[in-house]
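Visitor: I would like to learn how to read a two-chain model. Where do we begin?
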Amino acid sequence: MTVSQRQGPSRVDRAPQGDLAQVIDLILDKGLVIDVFVKVSLVGIELVTIDARIVVASVDTYLRFAEATNRLDLHQKGGKDLGQVVGGLTEGVTQGGAKGKTKGMIEAGKEKFDDLRDERRSRKEREA
Amino acid sequence: MSTATYIYAVVGAEVELPEGLAPVGGGDEVAIIDHGRLGAVVSDLARDRPLGGRDDLIAHERVVNTLARATTVLPMRFGGVVENDTAVVDELLGHHHDYFVWALEQLDGCRQFVLHGRYDQDELVSSILAADAEIRELSDSVRDADPDATYYERIRLGEAISVHVDRIRAADAGFARERLEPFAVAVAPKDPAEEDSALELALLVHRDRLADFEQAVDALGDEWDGRVRLRLIGPVAPYDFLPEPTGES
């Protein structure tokens, strides 16, 4: 089975390695475990690994899907019924608080990532 | 200062180390200890230094995956440390020589890729709304209402959508697998990490099929254009396809 030659640029992003969370998942959860092979000369080194995995509670997922339907309604109804659009917009504003709360956890996680990245970059710059 | 030996990976004896690899934990250099048909990729590590900062994790990953791009690698999990180089030869490479040789043969010429897919959420939810009248009604009923008063309705709405998403995701995963499996030595689905994840698939690909495999991935990307954004990571070490050590070798 062969695939015919495609035209134009690829729509698939390519990267030599994943982002930090994916890297961590691989090297902490996968790979051959030394204890299986070495019994006598094993050296226990204290492991202080950062837990960069972001856990998303399912309720937050549900609420975000619900918000997505709301957002779509705004897109689709825009220009057709001014009253509804204005109503929708106000709703969007009042909903901001609740949205902030459900998204807070994930964004906090992402901010933490960005902090980590900045720190790494700045350290490299210092060394340079 | 007392040092121990940190182990990154096991490779074939003939493997040359790429230059400029930075060791975990600030050691001097990454080196290879040869024994029989094998080599262990190692560096010195201070015994009193805790491990696991992101620099350590990144350093480990860089060493293993730089090697993986050039040769077949059996990656060790992060944090494997033994007393000294003698222990690497005697206990690791010596005692388990045949297993490692066999495992390297199993994976010879193969590289791991990980394919991530992410839904365009608006497109996804639109398609679900279009397909399910009950969800449309529920969505209409909460839209103009006070969000706090409709908290549980919104959860019910999201949950109903989520049921569809799970079904769509399973179908897409099956479809992607069907398309790519002919070009892979092995396929291992991984759990999708986030709510808009469409796909998370580890694939072991032989270098002879690499061009065809990449074309098949591109074709899938074309087919799913606007629906699922694909990201192909690799080649990385075959973390998801390591042959199990069975008993004592």
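Guide: Begin with the contact between the chains. This is a predicted model. The contact draws 56 residues from chain A and 65 residues from chain B.

Visitor: Which elements of chain A give two or more residues to the side that touches chain B?
Guide: They are β1 (13–15), α1 (20–29), α2 (34–37), α3 (58–77) and α4 (82–127) of chain A. The largest share, 12 residues, comes from α3(A). By class, this side of chain A has 33 nonpolar, 13 polar and 10 charged residues.

Visitor: What confidence does the predictor attach to the complex?
Guide: The ipTM is 0.81 and the pTM is 0.75. For chain B, the mean pLDDT is 92, and 98% of its residues reach 70 or more. Among the elements of chain B, helix α1 (residues 54–70) has the lowest mean pLDDT, 90. The highest, 97, belongs to α7(B).

Visitor: Now the sheet. How do strands pair in general?
Guide: Strands of a sheet pair through backbone hydrogen bonds, either parallel or antiparallel. Here, 5 strands form an open sheet. Their order is β1(A)-β9(B)-β6(B)-β8(B)-β7(B), and the pairing is mixed.

Visitor: Which strands stand at the edges?
Guide: β1 of chain A and β7 (186–189) of chain B. Each has a single partner strand, so one side of each is left without a neighbour in the sheet. From one strand to the next, the twist averages 20 degrees.

Visitor: In which sense, parallel or antiparallel, does β1(A) pair with β9 of chain B?
Guide: Parallel. β1(A) and strand β9 (residues 228–236) of chain B share 3 bridges. One residue to look up is D13(A), whose bridge partner in β9(B) is R231(B).

Visitor: And how many bridges join β6 of chain B to β9(B)?
Guide: There are 7 bridges, and strand β6 (residues 110–119) of chain B runs antiparallel to β9(B). Y119(B) stands opposite V228(B) in β9(B).

Visitor: What should I check in the backbone itself?
Guide: Look at phi and omega. Most residues other than glycine have a negative phi, and most peptide bonds are trans. In this model, the peptide bond from G234(B) to P235(B) is cis, with omega near 5 degrees. P235(B) lies in strand β9 of chain B.

Visitor: Where do I find a positive phi in a turn?
Guide: At G36(B), with a phi of about 60 degrees. This turn belongs to the hairpin of β2(B) and β3(B), with 2 residues between the strands. Strand β2 (residues 31–35) and strand β3 (residues 38–46) of chain B run antiparallel, joined by 5 bridges. The bridge partner of I33(B) in β3(B) is A40(B).

Visitor: On to helix packing. What angle do α5 and α6 of chain B make?
Guide: Read the angle, then the axis distance, then the crossing hand. Helix α5 (residues 133–143) and helix α6 (residues 151–180) of chain B pack at about 150 degrees, with their axes 10 Å apart. The two are therefore roughly antiparallel to each other. The crossing of α5(B) past α6(B) is left-handed.

Visitor: Which residues make that contact?
Guide: From α5(B) come I135(B), L138(B), S139(B), S141(B) and V142(B). From α6(B) come E153(B), R154(B), R156(B), L157(B), A160(B) and I161(B). The contact divides into 6 nonpolar, 2 polar and 3 charged residues.

Visitor: Left-handed or right-handed: how does α6(B) pass α7(B)?
Guide: Right-handed. α6(B) and helix α7 (residues 210–223) of chain B pack at about 145 degrees, with their axes 9 Å apart. A176(B), R179(B) and L180(B) in α6(B) meet F213(B), A216(B), V217(B) and L220(B) in α7(B). By class, the contact has 6 nonpolar, no polar and 1 charged residues.

Visitor: Which strands does α6(B) lie across?
Guide: β7, β8 (197–206) and β9 of chain B. α6(B) runs at about 20 degrees to β8(B).

Technical notes
Residues are numbered from 1 along each chain as its sequence is written. Chains are lettered from A and ligands numbered from 1 in the order in which they are written. This is a predicted model: local features need pLDDT of at least 70, side-chain atom pairs count only at pLDDT 80 or more; totals for chains, interfaces and linings use all residues. Two residues are in contact if their C-beta atoms, placed from the backbone, lie within 7 Å. Helices (H or I, at least four residues) and strands (E, at least two) are DSSP runs, numbered from the N terminus. Ala, Val, Leu, Ile, Met, Phe, Trp, Tyr, Cys and Pro count as nonpolar, Asp, Glu, Lys and Arg as charged, and the others, Gly among them, as polar. Two strands pair if DSSP finds at least two bridges between them. Axes are lines fitted to C-alpha atoms, for helices over the stretch in contact, and angles run from 0 to 180 degrees between N-to-C directions. Angles under 35 degrees count as roughly parallel, over 145 as roughly antiparallel, 65 to 115 as roughly perpendicular and the rest as oblique. A crossing is left-handed if the near helix is turned anticlockwise from the far one by less than a right angle, and right-handed if clockwise. pLDDT is the predictor's confidence in each residue, from 0 to 100.
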